[in-house]
Amino acid sequence: MRLKHIKLVGFKSFVDATKVPFPHQMTCVVGPNGCGKSNVIDAVRWVLGESSAKNLRGDAMTDVIFNGSNARKPVSQASVELVFDNSSGRIQGEFASFAEISVKRLVTRDGRSDYFLNGGKCRRRDITDLFLGTGLGPRSYAIIEQGMISRLIESKPQELRIFIEEAAGISKYKERRRETENRMQHTRDNLERLTDVREELGTQLNKLQRQAAAAKRYKELKQSERRYKGELQALRWLNLEQQAEQLRQQQQQQQTELEKWIAEQRGSERGSDELRQQIADAKQQLELIQQAFYQAGNDITRLEAELQNARIQTQQQQQRRTELQHQLTELNRRTELDLAQQQEYQSRLAELEPELELSTEELTAAQEQVELHEAQWLQLQEQQQQQLEQQQQHREEIQRAQLKLERDRAQLQRAQDDLTRVNEQRQQLDQTQFAEQLTELDDQLEQQTTQLEQLLANLQQLQQAQQACADETSAITEQLEQWQDQLHQKQGRQSSIKTLLEAEQAQDWPAATRAWLTQQQLQPLGQVRDLIDLPSHWQLPFEQLVGDWLDAWVITELPKEWPNLQGARLVVLNESAAAPEHSLAALVSGPLKRWRWLQQIQVKTPTASELAADTSIAYLNEHGEIWSSYGYQAPQLELAESQLHRQQELQQLDQELAELATKIATAKASLAEYRQQQVALQEQREQEQQKVANQRAQVDALKEKRTWLQQQQQQHIEQQHQLELREAELAELINGFELSLEEAELELVHAETALESLPLHDFQMQKEQLQQQRQHLREQLQVKQQAQQQTQLQQQQLQHQIAQAEVLLERNRSQQQQAEQQLAELALPDDTSAEQIEMLALQLEERLAQREQIESERREASNVVAALEEQLRELSSGSQGVEAQIERARQALQSTQLELAALQERSRNVLSVLADMNQQLKPILEQLSDDAEEQKWQAEVERLQQAINRLGAINLAAIEEAETLAERKTYLDQQHQDLSESLETLETAIKKIDRETRQRFRTTFEAVNSGLQELFPKVFGGGSAYLDLTDDDLLETGVTIMARPPGKKNSTIHLLSGGEKALTALSLVFAIFRLNPAPFCLLDEVDAPLDDANVGRFCRLVSEMSQSVQFIYISHNKIAMEMASHLAGVTMQEPGVSRLVAVDIEEAIAMSDA
């Protein structure tokens, strides 16, 4: 696989459609700085899926679109297309059969980015998956840009590991592992959520099940309670009705007795009416006097309370006056203390003012001395700086002279080395070796081509065998599906027939009759349906005749007694009689041939004379028509309704199902064998395809090597001529360098003489003296500053204390004024309070005297009422006995009426209670048991109520909710099991991926380490380098690199120079390429930090690797240009627009020198 060409349109500076071809294994892109060479590398990285604009030297992804120039407008989109040659079949998967693969990416101004594979739109992931394991990618080791060499060496262990993983081809495994871990995490999340839901549902279900059991128990108890309560109310109603009837009889007797006594009393009532009126008037007068007495008592109570409140208020004012006098005394004392303290603070503040002025003057003088010494210090420092600058100027002149001398010596040495190398190259150029190598390559190419054709023939045979196996598998699968469909249809038919037969045979008497026969010690031969054996065309007529007897049991001897079971039937066979000719029994085989009924049935269509001749014989024809002396019966049963036909069909289905099961088992076994064979053929095919790909790669490599040798042969001829010209140029350069070297030595001598003639002054001693004096003055200044700050702090504290004392004085004065004001108010004479107390006392005395007078009037009125009542008693003493009898009779009658009304009300309440319970009295009385008693039923109701109360709160909806929740939990349990199984499957996949990753990483690491240890001494001409792991875990360990060039023992790789880091990184990259060569390698000025000698080593290494890897590199070095088999020039003749031009090797060398 190799890159054929790149097509750029609107990408960065390539605004016009530009096609960059790569016809050979080594292509060098040349051009001046800023012409857009690196944009070619960026284009490849961008197409392969780079998503970071920073890695493309931009801020946003739309920055890759041409943004215009002085002469051109911006374009709306950019696209880059890579075309690969896949004739070797290195790309696997669905694109393995394509000889050419096109990968394209397009981006628009609105940020939309599209990818295309062979012209079809695809995802970015499809592009990355296509190149997984090939070493290609937006950030793989196959693309090395400017500055990436040093970053590669200085990268973190985990970043360096990525290159080893890509070389091992395990990046696709890591991608699968990451996807699998994501799925596992999602599965675990779902499992946790499901577990939480299941636990919650389990808790709810247990609770609901307990509630449902309680609800069921509650319903049972409530139903029993309702029944007992209804019966209890009925019993109470019966008892109440009996008591009410007894009271009605008693009421009638009492009414008669009352009427007798009333008639006797009516004669003596008229004499006492006037006396009663006088008593009523006297009582009314007594009530008015009592109301006046009570009003006087209320007034006395009110006046006593008001008098008590006035006296309490007077005591409180006296107490408040005493408190205010004490408070005023205390305020006067505190004011005197605060005034004394304020005067003390003011005197101390006055003492501090002279001290503060003195410290301020001393501080000013000290600051002036410090400033004077600071000026002297700065002046001395400036003089020293001038002297140092003069010395530095002369040293720089010496350094420039030394650098010029070293550069001239290096140029001279380089020119001499170039001359030596040119001579060596002229001596090493041998044209005969190319002819021998070409002949040897032709022989190898012919041999490898023959082997490739043989492998292709083997692959074709395997494909044909695999296709035949696949066809056979498809045929067996199709036949198996047909048989399975037949099996399902017949099983369905079998189930339907069984259901119909079970429905038709759903009678109880056959089983009961069989049990009765067992009790009678009679062994039946079986049922009639099981013993029928006659030609098939007679089965339907036979069932027309004996349809009701199909389930009857068949015995051979008469029982001692007959079963008294509803619907029972028994068939008793005749042991001695033979089946008459032309009878139905003659057609039957088996025991039923001896059935008397069948022996009396003739199988024919009778004539009228035959029917009249013998009335004991019946006739049956094949259509199911029946004749007898009693009449005619037409067929009633269709074939589809025949039990015997269904039974026969069921037996046939059982046989067919057994045959189908055998066929299906055989087919499945054959299918498994063919699939195993297909898997084996697939593995063989993949192995052969791999062999074909490897062989094709070897053939392509030989072809490319042959082409390269032919090109090298032509180049060597051209190099021979160029080396001769170069030898003459180098001789002239050496003479010029020798003259320049002598001039540089003279300049160095003059610069050293000027440096020695400079006067030297001892500034250090003066600086030390000034530094000591300045330090002493600063310390004095600091002491004075601290003293002044301390004094100022004391002054501020005293001022604050004076202000605080003033605030306290002001507050004391305010409180003192308030106290004096309140005391003055309380000192006024309170004549109003004394007058009020005296007036209340007088009112109280008046009310007490008034109450005594009313009390005497009340006693007199009470005596008058008592005298009148005594006269009335004397007058009515004669009729007292009659009235007593009337009163007793009336009370007895009223008591009876009340009891009767209460019983009637209780009866109505009982009926109301029954109505509330939705029960009728009459049905309850009809169903009431004879032993029902009210006390027993009341005890039972109380027991049921206690049982209900013990159940507590009842959720009647729990029964239905528990059933619904149980169904849901069953479903969730199944989901939990499925998720657990899925998680186990994913964990198994992770373990397999980890095992494969560890194995491949270990193998690749050892191989790359070995290659690095081999290439590093070759590149550096000695030294050593190696890779090391940072951890024992091969899945997560980082990779570090250590390199020690010849003669160095550096402790870390960061101590190497830029050129050494570049060569070390190239050694590592080429070691990776040796193990897993990417289809191509892009290098962007990686030789920039290398000198000519190392560039030569780099070129020889690239030349060796180009036999298996296509190199596309950007360089300004003429040696690297000479190495290329094809040059692609990039220019920017129009400002801001890059173009591809044809490049001549001589012009490229001249451009590089410029």
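Which strands does helix α1 (residues 38–47) lie across? In this predicted model, helix α1 lies across β8, β18 (1080–1084) and β19 (1110–1114), and runs at about 140 degrees to β18.

Those strands belong to an open sheet of 6 strands, with mixed pairing. Reading across it, the order goes β8-β18-β19-β3-β20-β21. The edges are taken by β8 (143–144) and β21 (1137–1141); each has a single partner strand, so one side of each is left without a neighbour in the sheet. At the β21 end, strand β20 (residues 1126–1134) and β21 run antiparallel and are joined by 4 bridges. Here, glycine 1129 sits opposite valine 1141 in β21.

Then there's helix α20, which covers residues 958–1020 and has 63 residues. From its first C-alpha to its last, helix α20 reaches 86 Å, close to the 93 Å expected at 1.5 Å a residue. Just after α20 comes glycine 1021, with a positive phi of about 75 degrees.

Helix α20 also meets helix α22 (residues 1092–1105): their axes come within 9 Å and cross at roughly 140 degrees. The crossing of the two is right-handed. On the α20 side, the contact is made by Leu1015, Lys1018 and Val1019, and on the α22 side by Arg1097, Leu1101 and Glu1104. Sorted by type, the residues of this contact come out as 3 nonpolar, 3 charged and no polar. As for the spacing along a helix, an α-helix has 3.6 residues a turn, so residues three or four places apart point the same way.

Notes:
Residues numbered from 1 in each chain as written. Predicted model: local features only at pLDDT ≥ 70, side-chain atom pairs only at ≥ 80, totals over all residues. Heavy atoms only, no water. Expected span 1.5 Å × (residues − 1). Axes fitted to C-alpha atoms, helices over the stretch in contact; angles between N-to-C directions. Left-handed = near helix turned anticlockwise from the far one by under 90°. Contact = heavy atoms within 4.5 Å. Nonpolar A, V, L, I, M, F, W, Y, C, P; charged D, E, K, R; others polar. Pairing = 2+ DSSP bridges.
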